[in-house]
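The structure under discussion is shown first.

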2 protein chains.
Amino acid sequence: MISKAQIKHILSLHNKKNRLEEKLFIVEGTKIVTELIASNTYKIHSIYHTNSFDITQKDLKKIAFEINEKELEQISTLSNPNQVLALVHLNEKEIYTIDANQCYIALDEIKDPGNMGTIIRTAEWFGINTIFCSSTCVEYTNPKVIMASMGSFLRVKIYYINLEKFLSEDLNMPIIGASLQGENLYESTMSKNGLLVIGSESHGISKNIEKYITKSIKIPEFGNAESLNASIANAIIISEWKRQHYGRK
Amino acid sequence: MISKAQIKHILSLHNKKNRLEEKLFIVEGTKIVTELIASNTYKIHSIYHTNSFDITQKDLKKIAFEINEKELEQISTLSNPNQVLALVHLNEKEIYTIDANQCYIALDEIKDPGNMGTIIRTAEWFGINTIFCSSTCVEYTNPKVIMASMGSFLRVKIYYINLEKFLSEDLNMPIIGASLQGENLYESTMSKNGLLVIGSESHGISKNIEKYITKSIKIPEFGNAESLNASIANAIIISEWKRQHYGRK
C-alpha cells in the first residue's frame, strides 16, 4: 500500500529542484537497489517494492512498503519499472583529497545524463575512483545518471567543484585533454598518473579550462565523423592510458 | 502552416509500427537535416521548419512547410526541438557485399537506441562503413538512434540480417567477440581485417552466435564494475584494433 501523499512526494523527486532541496534521490531496479542495500554508502529513506522483491534486513523492513505493479508504474521514472524503487538520502558534502600518483577524471559541462552515468561506469571498470564535475554538469542523482551508471555511482566518488579554480591549483600531475590539435593518442606517451578532462557534448573543453591542459591528445580519425560522443572519447583515452602501463611491453 | 492531418501523420511516425509500414522515418535538428539534404542518400518526403531554418534548394521548397515553434513542438520527438523536422523515405533493401580485407561490426540484439546510434557514430569515426544487425536489434530509423548517430547513419551502411545464418557462411575473416573468458585485449594480436560482434546489453553475445567467434577477447578490468556499456566496449575494442595497425610500432 502506498498513500496519495507518498505518491505525490516521490513524483516531486522526479524533479531536480526538489531532489536538491530535500536532499533525496531515486534509485530503481532490482540490481541497483540490491547493490545499494549491500553497500551502506547511502542512507535509505524508504523502499517501495512489489511482492517479487524480497527485503530480508530487519531495519529496512520498517521503511519498506509493498506495492502492486500499477502503483510502481505510477511512481517510477522508468518506462519499464523493475520491482523496486528506493528513496535515498544524499550524503553530506565531503572534502576531497588528491593523491598525485593516481588517475582522475574531470567533467567540464557534461549535460547528458546517459553520458554522465556511462562515464561513471567506465571509470569504475578502469579503477578510477574519483570524478570531479564542474558545477554546470548534470547532477549525478538524476535518475538517468543512476541507471546508466549501473550501480557504479555507489563506488566512485563524485565531487561538484569550481573546475577552473580547482585546476588553477598545483595538482602536480599531467592535465590531459582531447583536442583536434592534440598529439596522436596512439603515438603519445602517457604518464601513469594524471587528470583527464572531458569537455561538453556541444563545444568540447571550455576556453577557461583549456589553458590548464598540459597534455593535449587527439583520438585518430579514420572516417568522416565530425566528433565522438563524450563518454566514448573518455573510454578510448582511458583504455589507451591503462594499456600503456598494463599492456604488453 | 501545418494541417491537422499532417500533424496526425507525423505523430503516427513516432511509432515504430507505422514507420515500418509506411517506410518513412523522422530526422530532426538543423545539423542532421542539413547533412541529410546535402547527402542525397535518402529521398526526402517533406520538411517542416521554422523561419530560422533556410531552404534554398528549389526542388525542396515544394515539399517544405514553414511552421511556428509551437507547431514544431507538437510534431517533434525531442524535448527541445531544433528548427526543423524532415520525413524521409526508407531506402529499398540493398544486397550487401563483403570484402574480406575490411573491418565490420555485427550487432547481436542491441536494444537501446542510444547505444545503436553511438555505435554507428563510432564506426564512422574509425572508418568502418558497414554494420550488420540481427533482426532483434532496435531499428536504426528510431528517432533516438538517428539523433545519437549525429548524422553518421547517412554514411554507414546498416543491414538487418539473420545473424546466425550470416555467420554460418564462410566470411574468410576473424570473427571477434568480447567475453570474460577471452584473451587480454592489450596482449592480443589482431588481424587488420575482421568482424567485431557486439552482444546485447543484458546478456552479451547469444549462445547460438558465440560458437562462430574465432577470436575471443576481454577488455582488462581494473575495478569492480560488473560490465561495460555495449557502445563503450565496441569503441574500446575498435580503437585498440586500429592502434595495432596504425599506431606507433
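**Helix H6 of chain A**

The expected span of a helix is taken as 1.5 Å times one less than its number of residues. In this predicted model, helix H6 of chain A covers residues 113–125, a run of 13 residues. From its first C-alpha to its last, H6(A) reaches 19 Å, which is close to the expected 18 Å.

A residue is counted as buried if 20 or more other C-beta atoms lie within 10 Å of its own. By that criterion H6(A) is mostly covered, with 13 of its 13 residues buried.

**The contact between chains A and B**

Chain A places 31 residues in contact with 31 residues of chain B. On the side of chain A that touches chain B, at least two residues come from H6 and at least two from helix H10 (230–246). The most is given by H10(A), which contributes nine residues to that side.

Sorted by class, the side of chain A that touches chain B comprises 11 nonpolar, 11 polar and nine charged residues.

**Relation between the two copies**

Chain A is superposed on chain B by a rotation of 180° with 0.0 Å of shift along its axis, and the RMSD is 0.0 Å. This is the relation of a two-fold axis. Both copies are served by the same surface, as 100% of the contact residues of chain A recur in chain B.

Methods:
Residues are numbered from 1 along each chain as its sequence is written. Chains are lettered from A and ligands numbered from 1 in the order in which they are written. This is a predicted model: local features need pLDDT of at least 70, side-chain atom pairs count only at pLDDT 80 or more; totals for chains, interfaces and linings use all residues. Helices (H or I, at least four residues) and strands (E, at least two) are DSSP runs, numbered from the N terminus. A residue is buried if 20 or more other C-beta atoms lie within 10 Å of its own, exposed if 12 or fewer, and partly exposed in between; C-beta atoms are placed from the backbone. Two residues are in contact if their C-beta atoms, placed from the backbone, lie within 7 Å. Ala, Val, Leu, Ile, Met, Phe, Trp, Tyr, Cys and Pro count as nonpolar, Asp, Glu, Lys and Arg as charged, and the others, Gly among them, as polar. Copies are superposed by least squares on the C-alpha atoms of residues with pLDDT of at least 70 in both.
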